[in-house]
Amino acid sequence: MLISLARLTENGLRFEHQYKDSELDLSGHEFLFTRPPLASGRVDRVGVDIRLRGQIRAELELPCDRCLEPVGFEIETPVDLFFSPGEYEAGKTGETELTERDLDFSVYENDEINLDEVILEQLELNLPMHVLCGEDCKGLCPQCGTNLNVEKCQCEAPIDPRWQALADLRNRGDE
Ligand SMILES: [Zn+2]
Ligand SMILES: [Zn+2]
């Protein structure tokens, strides 16, 4: 969804949007939605910049780091972002401007803000670092790919790669 700034007055502009299932292009992202995002908030003019404040809520699934089975998450995050008009970028010189516009500063063009981009970016920022379906997830067999949480396979226990590295080192030392 694009937020048009044409209707933005000094009183600000409210927005609320419940995304539909296939509304956001998730190619290049590792997650899927079990409940697509609900985004709400307001935009205000701050000088030449636009400030967007609000909330994003979504439920999504990520693959378990070990067994790749989907694991569900809920993300609920506040957003507070600044946007500068694209054409100002080139003429931006003063350092004072930069200090005001720290990391949460983006560019908008054509008098509209692309809410889709904002949401995907914010969700990415809020994804968990590690995803496990359970503390004791056994993962996949490195040889045959069987999900060891579900069934056992016939492969022999592989050598722990850490020991293998040590063994390699020793062998090299013997040469
Ligand atoms: Zn797992
Ligand atoms: Zn196996």
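What share of the contacts in the protein chain between residues at least 6 apart in sequence join residues at least 24 apart? I looked this up and found 59%. Two residues are in contact if their C-beta atoms, placed from the backbone, lie within 7 Å.

**Entry on the model.** I note that this is a predicted model, in which local features need pLDDT of at least 70, side-chain atom pairs count only at pLDDT 80 or more, and totals for chains, interfaces and linings use all residues. Residues are numbered from 1 along each chain as its sequence is written, while chains are lettered from A and ligands numbered from 1 in the order in which they are written.

**Entry on the elements.** I read four helices and seven strands in the protein chain. Helices (H or I, at least four residues) and strands (E, at least two) are DSSP runs, numbered from the N terminus. Along the sequence I wrote down β-β-β-β-β-α-α-β-β-α-α.

**Entry on the sheet.** I find five strands in an open sheet, ordered β2-β3-β4-β5-β6, with mixed pairing. The edges are β2 and β6 (105-108), each with a single partner strand, so one side of each has no neighbour in the sheet. The twist averages 25 degrees from one strand to the next. Two strands pair if DSSP finds at least two bridges between them.

I then went through the antiparallel pairs:
- β2 and β3 pair over six bridges, and H17 stands opposite A39 in β3.
- β3 and β4 are joined by 12 bridges, and R42 has R53 in β4 as its bridge partner.
- β4 and β5 pair over 14 bridges, and L60 has F73 in β5 as its bridge partner.

I also checked the hairpin of β3 and β4, where two residues lie between the strands and G47 takes a positive phi near 65 degrees.

**Entry on helix α3.** Which residues of α3 (residues 115-125) are buried? I list L115, V118, I119 and L123. They sit on the same side of α3, because they cover an arc of only 125 degrees around the axis. That arc is taken from the directions from the helix axis to the C-beta atoms. A residue is buried if 20 or more other C-beta atoms lie within 10 Å of its own, exposed if 12 or fewer, and partly exposed in between, with C-beta atoms placed from the backbone. On the face turned away from the buried side I find the exposed residues E117, E124 and L125.

The buried residues of α3 pack against several strands, among them β1 (2-4) and β7 (112-114). I see α3 lying across β2, β3, β4 and β5, at about 125 degrees to β5. Axes are lines fitted to C-alpha atoms, for helices over the stretch in contact, and angles run from 0 to 180 degrees between N-to-C directions.
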